[in-house]
Amino acid sequence: MEIRPFRLPLKVPFRGLTQRRGALVRGSHGWGEFAPFDDYGKRADARWLACAREQAEHKWPAPVRTEVAVNAIIPAVAPGRAATMAVASGCSTIKIKVGDEQGFDRVAAVRAALPEASLRVDGNGIWTLAEAVEQLSALRPLDLEYAEQPVRCYEDMARLRAAVDVPLAADELIRIDRRFDDIRHVADIAVLKVPTLGGVATTLQVAARIGLPVVISSALDTSLGLAAGLAAACALPEAPLACGLGTGALFAADSTEPLLPQRGRMTLGDYPQPLAALPSARSDLAYWQRRLAAADDAG
């Protein structure tokens, strides 16, 4: 298996990262992206590898649409910068990271700049139940479409859903805890990340199993990996809510031609190929070889 490790810089820190590490793997028809985060275990890595292989073998399900709406993503930046980024994105749906001291002001700044936009917030499970109730109650006048994973555990999500009238979306409960069969009892929306589920075909199966409205979202994929997310969004029987696939805008350098929303939408294109001049991280080759081998054994 041919492997091309990469390290790509981000324009702004995102969830504590300043660069995205991973490896592209070659199959019989092209390339797939294997970029599980450092804290993922072998079973999670095996699903990521299955996704990469599916893409490299060009085995995606047939699309039923050619474009989808996309949300912009606003990292934990200063409120003024958040508003500038939201306006510049051209998207009418904006997802904003919260959970820090500037979270409320960040959302308020975006709302002031885009009064008609649909706003989502994402806390990555950082709040306690009491904090989530307090924060979402404060944010409610800003008219949120939903709050993504404000608390981490299933039981707290159930309690939070009973305590606030802001719709809740589940991410970590699906991609990490794999609560496919009962997530509808604690969430209104399912956020699905294709590489963490094992590929496009598996993502469609999970969406059907969960039975909630779906947002197909990025796992901070490079644009080559984002193509798999776009393929899933375009193959769902029912059109997804605005997808979280706008993260290509966070990269200062990319693995292929950047896959970016235009006027808030993304269009399905040809299978992407990596740039000939992809910045190499050959010093990481042995690391990714070991991790790929372990994922292969776990699969």
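1. A disulfide is taken here as a pair of cysteine sulfur atoms within 2.5 Å. Under this rule the number of disulfides is zero.

2. This is a predicted model, in which local features need pLDDT of at least 70, side-chain atom pairs count only at pLDDT 80 or more, and totals for chains, interfaces and linings use all residues. Residues are numbered from 1 along each chain as its sequence is written, and side-chain values use heavy atoms, with hydrogens and water left out.

3. For Cys-51, the closest cysteine sulfur is that of Cys-243, 15 Å away, which is too far for a bond. Cys-51 is buried, at 3% relative accessibility (buried is under 20% relative accessible area, exposed over 50%, partly exposed in between, with a 1.4 Å probe and protein chains only).

4. Cys-234 also has its closest cysteine sulfur in Cys-243. The distance is 7.8 Å, again too far for a bond. Cys-234 has 0% relative accessibility and counts as buried.

5. An open sheet is formed by seven strands, paired in parallel, in the order S5-S6-S7-S8-S9-S10-S11. Strands (E, at least two residues) are DSSP runs numbered from the N terminus, and two of them pair if DSSP finds at least two bridges between them. The edges are strand S5 (72-74) and strand S11 (214-217), each pairing on one side only. From one strand to the next the twist averages 25 degrees; axes are lines fitted to C-alpha atoms, and angles run from 0 to 180 degrees between N-to-C directions.

6. Strand S10 (residues 189-193) runs parallel to S11 and is joined to S11 by four bridges. Opposite Lys-193 stands Ser-217 in S11.
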